[in-house]
Amino acid sequence: MQKWKIHADYHTHTTYSHGSGSVEDNVLAARKRGLDTIAITDHGVRHPLVGVSRKKYAKIRADIDRVQERYEDVRVLFGIEANIVGNDGDLDLTSRDIAQLDLVLAGFHLSAPPYKLSEWFGLNAGGVYRQLFRRNTPAQRERNTMAFVRAVQRHPIDILTHPGFRLDLDYGLLGRACAEYGTYVEISSRHRVPDEEQLAELADTGVTFVIDSDAHKPQDVGQWEYAIDLCRRVGISPARVLNATDMLPLWRSRRTLVVEADEQ
């Protein structure tokens, strides 16, 4: 049996959104777990009630810098878990926002509304339908997948979070897009997605994975036993998982630092 040693947690939440711990609490938890890197990735602005206002970005960065000075043995990154909010792959991040971040995560959250009311009948309606009937129709599945693919194509998404949470997807098509555009796919112990069959479909595309905790409380930082067990069952080796290897992450490799006007 291959030995797994995951050294970074790229998806954690704090009291800036709806986590229960501070930046420092999460960093201390990471140190206790023997991690060398942790990312603070609170929710994007369109997540109701808990989305982080853009006005707080500077405050979060200052908080991270303060904690980083105190604990130099753990690298602390600043990211946002953006919301995919439209059929065309819209995110609730602008290029100006992205220029302030160390990494960009993106995923679907049923409660995050699109910018146009008519768009609600796409991903959000599909999410409600799946909650009611346990699966999406083939047409909904295709629409869901293309929204994710367009998000990956249009935006410098570093990690696609919990794919399959609330929506059915074509994992082969999505994995090929992520592999082509350099986006890592998250295996989520918190949400237990993708499942075994879905992960096998993704693995066939050659995409690279990350295993994250999606911790909403400090004691969950670095908790990923389910994801590791799933990788073993599917036959994915640590060499396919970014934070289980010495591979350098490709953060910002597709990112333009040209600040554009906010069009939304």
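Good morning. Two strands are said to pair if DSSP finds at least two bridges between them. With that term in place, I turn to the structure above, which is a predicted model.

My main subject is strand S6, residues 184–188.

Let us now consider the neighbours of S6. Strand S5, residues 159–160, is joined to S6 by 2 bridges, and the two run parallel. Here Ile 159 stands opposite Tyr 184 of S6. Strand S7, residues 209–212, also pairs with S6 in the parallel sense, over 4 bridges. In that pairing, Val 185 has Phe 209 of S7 as its bridge partner.

Which helices take part in the β-α-β units that include S6? Helix H6, residues 171–181, forms a right-handed unit with S5 and S6. Helix H7, residues 196–203, forms a right-handed unit with S6 and S7.

A nonpolar patch of about 750 Å² is made by Leu 117, Trp 120, Phe 121, Val 128, Tyr 129, Leu 132 and Phe 133. One of these residues, Trp 120, lies in the loop between strand S4 (103–107) and helix H4 (123–133). Trp 120 counts as partly exposed because its relative accessibility is 33%, and that class lies between under 20% for buried and over 50% for exposed.

Thank you for your attention.

Key:
Residues numbered from 1 in each chain as written. Predicted model: local features only at pLDDT ≥ 70, side-chain atom pairs only at ≥ 80, totals over all residues. Heavy atoms only, no water. Patch = residues over 30% accessible without salt bridge, like charges linked within 9 Å, V, L, I, M, F, W, Y side chains within 5 Å. Areas by Shrake-Rupley, 256 points an atom, 1.4 Å probe, with all protein chains shown as cover. Salt bridge = Lys/Arg side-chain N within 4 Å of Asp/Glu carboxyl O. Buried < 20%, exposed > 50% of the residue type's maximum accessible area, 1.4 Å probe, protein only. Right-handed = clockwise from strand over helix to strand, strands pointing away.
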